[in-house]
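Dear colleague,

Here is the structure for you to look over. My notes on its aromatic rings follow below it.

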Amino acid sequence: MAMLVWGNGKGSVQNEWGEEMERQFDPRCSTMHNRVPASKLVVYNPLKRVSQLQIKNPRTGEIELDKMTVVVSIDGACRGNGTPSARASWGVHFGEQSPHNASGLLESTLPQTSTRAEIEALSQALRIIRTDISGDMSLQGYRIRTDSEYLMKAMSEWMENWIAKDGRNARGRPVAHYQVLKEIHDRIDEMTYGDDGGLDFMFWHVPREQNRGADALANQALNGLAS
């Protein structure tokens with residue numbers, strides 16, 4: 001169980017044992033962001049062509065860009081979930097006008113489920129960040145928004161224990177999609193701690209209504225309008 005810790009600088013939360021989960025973001029926990037109205041917390045920056053967080057300047061009281069951040073929203077969609085004819089897709093949304101937005105259908109060889117589609121959206125977001133955005137060294141703090149609490153906790157809370165138990169959960173059962181989740185975890189570690197790293201990734205769980213951009217892109221792919 002995660003606990004909100006009010007007033008730390010980064011916006012991370014703690015687990016039930018009081019351990020900080022460095023890759024789990026909640027703006028309510030951040031002294032930099034919790035005084036910004038929700039409607040102004042994330043804005044699109046046309047100069048950087050990505051969405052960014054905003055902060056309230058403690059000296060002036062003015063709301064201004066948190067210039068080193070990037071907010072990317074991810075989502076998966078699946079029609080006919082759980083049936084032989086199911087078809088799944090992914091969407092990655094950097095902002096309403098961002099050229100980095102992308103969507104696509106899940107490869108037919110992959111499980112056609114909403115969970116696997118969410119995972120693919122995360123994988124594609126990391127690909128875009130690495131190839132198209134990470135060269136801008138002024139952008140280092142990536143906040144990945146998802147309406148999947150499972151994916152958020154998998155990447156920020158449970159993964160280390162899964163690795164220690166060779167891909168098994170607390171009940172000793174194999175973790176679904178463990179290999180691809182572990183591969184994504186390793187990619188994030190490399191982009192954070194590797195020789196060409198220096199990036200900071202945190203996962204932000206939001207309600208579905210706050211993830212409409214990524215959801216719309218995923219559904220476009222299912223409608224035959226993949227970008």
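Arg 143 lies over the face of Phe 25, at 5.6 Å from the ring centre, and the charged end of Arg 145 sits over the ring of Trp 204, 5.4 Å from its centre; a charge is taken to sit over a ring if NZ of Lys or CZ of Arg is within 6 Å of the ring centre and within 35 degrees of the ring normal. Please bear in mind that this is a predicted model, in which local features need pLDDT of at least 70 and side-chain atom pairs count only at pLDDT 80 or more, while totals for chains, interfaces and linings use all residues. Residues are numbered from 1 along each chain as its sequence is written, and side-chain values use heavy atoms, with hydrogens and water left out.

The search of the whole structure finds 5 aromatic pairs, a pair being two rings of Phe, Tyr or Trp (its six-membered ring) with centres within 6.5 Å, called stacked if the planes are under 30 degrees apart, edge-to-face if over 60 and tilted otherwise. Among them, Tyr 142 and Phe 201 are stacked, because their ring centres are 5.4 Å apart and their planes at 25 degrees. This pair links distant parts of the chain, with Tyr 142 in strand 9 (residues 141-146) and Phe 201 in strand 10 (residues 200-205), 59 residues apart; strands are DSSP runs of E, at least two residues, numbered from the N terminus. Tyr 142 is buried at 0% relative accessible area, and Phe 201 is buried at 1%, where buried means under 20%, exposed over 50% and partly exposed in between (1.4 Å probe, protein chains only).

The rings of Tyr 150 and Trp 162 form a tilted pair, with centres 6.4 Å apart and planes at 35 degrees. Tyr 150 is partly exposed at 32%, whereas Trp 162 is buried at 7%, and together with Trp 158 these two residues form one aromatic cluster.

Best wishes

Conventions: Helices (H or I, at least four residues) and strands (E, at least two) are DSSP runs, numbered from the N terminus.
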